[in-house]
Amino acid sequence: MNPAIGYAAITVVAVASALIGFYGLRVSRTTSDFYVASRTVRPWWNASAIGGEYLSAASFLGIAGLILLTGSAALWFPIGYTAGYLMLLLFVAAPLRRSGAYTIPDFTEARLESEWARRVTSLLVIVIGWFYIVPQLQGAALTVRITTGLPAWAGSLAVAVIVAVVVAAGGMRSITFVQAFQFWLKLTALAVPVIALLLVVNGGEPPAQLTPAEAFPPAAGPGDLDVYRTVSLMVALLLGTLGLPHVLVRFYTNPDGVAARRTTVIVLVLLSVFYLFPTAFGFLGRAFAPDLAAPGESDALVLLLPDRLVPGPLGELLTALVIAGAFAAFLSTSSGLVVSLAGVISQDLLGGSVRGFRIAAVISSFVPLVVALATESTGLAGSVGLVFAFTASTLCPVLILGIWWRGLTARGAIAGMATGAVLSGSAILGGAALSALLPGMRPFLEQPAAWTVPLAVLVTVLVSRGDRRGVPRGTDAFLMRLHVPEHTRHRAGPETSGRMPRQ
Amino acid sequence: MPESMLLAAAAGVVAGALAVGVVLLLRRLVVASRELGTDVERATYQTLHLASRAAKHLRGGIDEVDAMRAGRYLRALLGCESLALVDRAGGVTVEGDDAVRSVAGRLAAEASASGKSQVQRRIPLGDGETDAVAAPILADGRAVGAIVAFAAPVRAGLVRATGEVADWVAAQVELGELDASRAALAEAEVRALRAQISPHFIYNSLNAIASFINTDPAQARELVLEFADFTRYSFRRHGDFTTVAEELRSIDSYLRLERARFGDRLKVTLQVAPEVLSTVVPFLSIQPLVENAVRHGLESKEGGGRITITAEDSGAFAEISVEDDGVGIDPAVLESVLAGGAPGEHVGLRNVDARLRQVYGEEHGLVVETNVGAGTLVRMRVPKSQPGRVAASADAALGPDGRLER
């Protein structure tokens, strides 16, 4: 592969992101028309922005790689990543928007009236965010290594530095339009190559044959799925989406709960469309690049396939597009995460000042960098899946019970979060060692969500039940605020007289 | 296996953090046990500790929930078997054996009526007997409840202690009432500080409208409606909070009216991040800044000038600023105005500043950058997360998505 393409694509995306983050919107948003200035973000834009922030390295590179590696079992990942938003839509989106709490720690503090619940939640949010950034940096390392030939650490370092500098300097905060742009860039960067490759493959002389038996041998088909693993993975992905800090923050751009719901529906559509393409990439990979199917290497499939199937300038162009999309994915997801983490860290530890936010932004970029440099990726989709499992076992029970159950108490929430964190954390971290001792336990340790989430919920409920005195006083008022639509509330207000029609 | 490296590294980090935590905890324990001191000191500490734990719950009065939470500590404090807290209405909260409930109610009523401690011995209770002492809780000379301690037997020490605890509870309740009235005072202050619509502005607007009635009736009608909108928002009675979007709407009405006088001399630039439109801000907290910029910055400047209103997203905060290129303010004058002296000009700034400090804390006051002839830049920084505060929107004309509908 020609390294010049790699350099060019990466530089263009990095510079463009930084410039748009700093200047682009400052110019475009300036107006003297109040009507224009007070226009809120439309659900379409907001949904694109959520997509932009959500589609990370795991979606862009990881899914195709995993399909290449394991076959149809990997198809559960795009399903879970998307369907998580269904859970968000059903249980969380509108009430959380109505709560007025801006982050999950704010929410737990307001809901449970407890400083300690807040601290524990903050800690978990920070840990989850850090471990979610690590795969992004590893994806960057892989991309840089494959496309430019530079050592792998250069990619991680570049992304971490760019994100830290841009976020700390005040650019790329939660600018909806930048993130929305990133979504469409990512979609284009996958859709165009996939369609081009399909055309080329179909129109080649002689037409390339895609033998289904080769692409999807029965051994890798649905008939061979392990029920427990699949269920557990789905629990992790469906419920894990609920607690992702950078996604939740986005819901506050919606003016009210109704718009939050509408946004979520659009996100579901956008993600469903997007995931067609990595899936197609994986499918093409199984047919035409089976040699890449090795752990750690398969994630590069999306980057390498265009060049293999379409030699010449067109192939180089497609490769450049894919690289640009991949880098957009790393930058947008990491910056979204760093912004929300820096918000939490600066508010809880550094007093909420501007300077505190900057320091926190640098810390939140460099801690994951250290972890990313010290470790090596075996599969982006898999490691993000583990972060989802951890999130599902810790934040999700508190969030759902907090929104839907009066009886939740601070002690119950803390106990539940601790249980979930310890169980899923030790399964994820110590799983390899434990399953060597007890081979029968392997699936339970590799996909812990199916037992850690119910246990965490159970502990939360039991401890709350035993602590009935601890039910916060404002529970009823708070829950009413969460569940009564804003519009009704306004209607019920004393001053609802109509206003004179204008000509 | 590289994944295991990741796991090992993460495990290392977690283990390291845990180890540090354990060491800190142990150190604290060692230090604490070394400094625990004599038995007397420990007993004093224990008493004060229980009292402070209980005090937290007594500040809100002695209704059921609080009494339940405080009762536990009070019982430990008195060292009795069961303890009942009875509120003014006769509601009994029992900590310990629930069988004493009716006796407690009766004794408490007696104690409250007489204003003195009551002791009753040999109360039959299930399989045995117990003694009880009831002491009235007298706040401001009137009984707000009573505390009843059950023990077998009740000795003089317990009687005295119960009386003292009752007095202490009364003090806490009084303090709680003080807190409540202080909060009410602060709220009233915020209400009183709520910016008042300036008489000059009404006078000027009406004059401007009058000048259009003959020449341009359509424009005059438009302005009257604008005036109606503006006053409706400003005279709103309920709700101390609003959203940036609504505040902008009111500023729009205000500036349209001012433009009727200023004409092209008043230019406006807006730079508003849509992410902060739904941020909750105190009612009429941005409009006075704009009014200040017009009245004290641009009115006296020849050729008018430009006002720039920006609202941007800054992590967990929304940063709102109003800038004008008018005549500026003498920093010394401004300082004295903000410090509370010399009312008159710029009273709007002081008003907003005071309310912001009142609501969000001292570090959230206005930041003003200005000098004579150099224009004025006023900034405020408001947390986006305000779960306790609801923006009261009474406006039916505001669309469901918060947009201006015309």
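Two strands count as paired if DSSP finds at least two bridges between them. Strands are DSSP runs of E, at least two residues long, and helices are runs of H or I, at least four; both are numbered from the N terminus.

A word on the source. This is a predicted model: local features need pLDDT of at least 70, side-chain atom pairs count only at pLDDT 80 or more, and totals for chains, interfaces and linings use all residues. Residues are numbered from 1 along each chain as its sequence is written, with chains lettered from A and ligands numbered from 1 in the order in which they are written.

Start with strand 12 of chain B, residues 376-383. Strand 10, residues 317-324 of chain B, pairs with strand 12 in the antiparallel sense over 8 bridges. There, Ala318(B) faces Val382(B). Strand 11, residues 367-370 of chain B, also pairs antiparallel with strand 12, over 4 bridges. Here Thr370(B) stands opposite Thr376(B). Strands 11 and 12 of chain B form a hairpin with 5 residues between them. In its turn, Gly373(B) has a positive phi of about 80 degrees.

Now zoom out. These strands belong to an open sheet of 6, ordered 1(A)-7(B)-9(B)-10(B)-12(B)-11(B), with mixed pairing. Strand 1 of chain A and strand 11 of chain B are at the edges, each with a single partner strand, so one side of each has no neighbour in the sheet.

Next, another sheet. Chain B has an open sheet of 5 strands, order 2-1-5-4-3, with antiparallel pairing. Its edge strands are strand 2 (92-95) and strand 3 (118-125). Strand 1 (82-87) of chain B meets strand 2 of chain B through 4 bridges. Leu83(B) has Glu95(B) as its bridge partner.
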